[in-house]
Amino acid sequence: YQREKLYKIEYKGKTLPRRYPADFVIYDSIILEVKAIPMIINNFVLQTRNYLKASGIRLGIIANFGESSFKSKRVVF
């Protein structure tokens, strides 16, 4: 795995000046975003989708340890 791998994000045909770190990239085929929040919100799904688009990886998983029990969400691009 790689931790905090940086990706360039393109928006409306322009590359944003800042690079964005995905929490973990596993086997170069899964992006894992780790959270500790009360619930998984749509912004985290959109963030993961942006990482998938920027990396060319097709599968992302959001793992949330902040709820009463472990929750995860699969994001496919």
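Helices (H or I, at least four residues) and strands (E, at least two) are taken as DSSP runs, numbered from the N terminus. On this basis the protein chain contains one helix and five strands, and from the N terminus on its elements follow the order β-β-β-α-β-β. The radius of gyration, taken over C-alpha atoms, is compared here with a globule rule of 2.2 Å times the number of residues to the power 0.38. The value for the protein chain is 12 Å, close to the 11 Å that the rule gives for 77 residues, so the chain is as compact as a globular protein of that length.

The structure is a predicted model, in which local features need pLDDT of at least 70 and side-chain atom pairs count only at pLDDT 80 or more, whereas totals for chains, interfaces and linings use all residues. Residues are numbered from 1 along each chain as its sequence is written, and side-chain values use heavy atoms, with hydrogens and water left out.

Along its principal axes, the C-alpha trace spans about 40 × 25 × 20 Å. Of the 77 residues, 27% are buried, where buried means under 20% relative accessible area, exposed over 50%, and partly exposed in between (1.4 Å probe, protein chains only). With contact defined as heavy atoms within 4.5 Å, 45% of the contacts between residues at least 6 apart in sequence join residues at least 24 apart.

A nonpolar core is a set of buried Ala, Val, Leu, Ile, Met, Phe, Trp, Tyr and Cys residues joined through side-chain atoms within 4.5 Å. The largest such core comprises 14 residues, and those with the most contacts inside it are Tyr7, Ala22, Val25, Ile31, Ile57 and Ile62. At least two residues of this core come from each of β1 (2-11), β2 and α1 (42-55); α1 gives the most, with four residues. Residues up to four places away in sequence being excluded, Ala22 touches Arg3, Glu4, Lys5, Tyr7, Ile31, Glu33 and Tyr51.

Asp23 lies in strand β2 (residues 14-26). With the same exclusion of residues up to four places away in sequence, Asp23 touches Gln2, Arg3, Glu4, Leu32, Glu33 and Val34. The C-alpha atoms of Asp23 and Asn42, which are 19 residues apart along the chain, are separated by 17 Å.

Phe65 is located in the loop between β4 (59-64) and β5 (71-76). Phe65 is exposed, with a relative accessible area of 54%.
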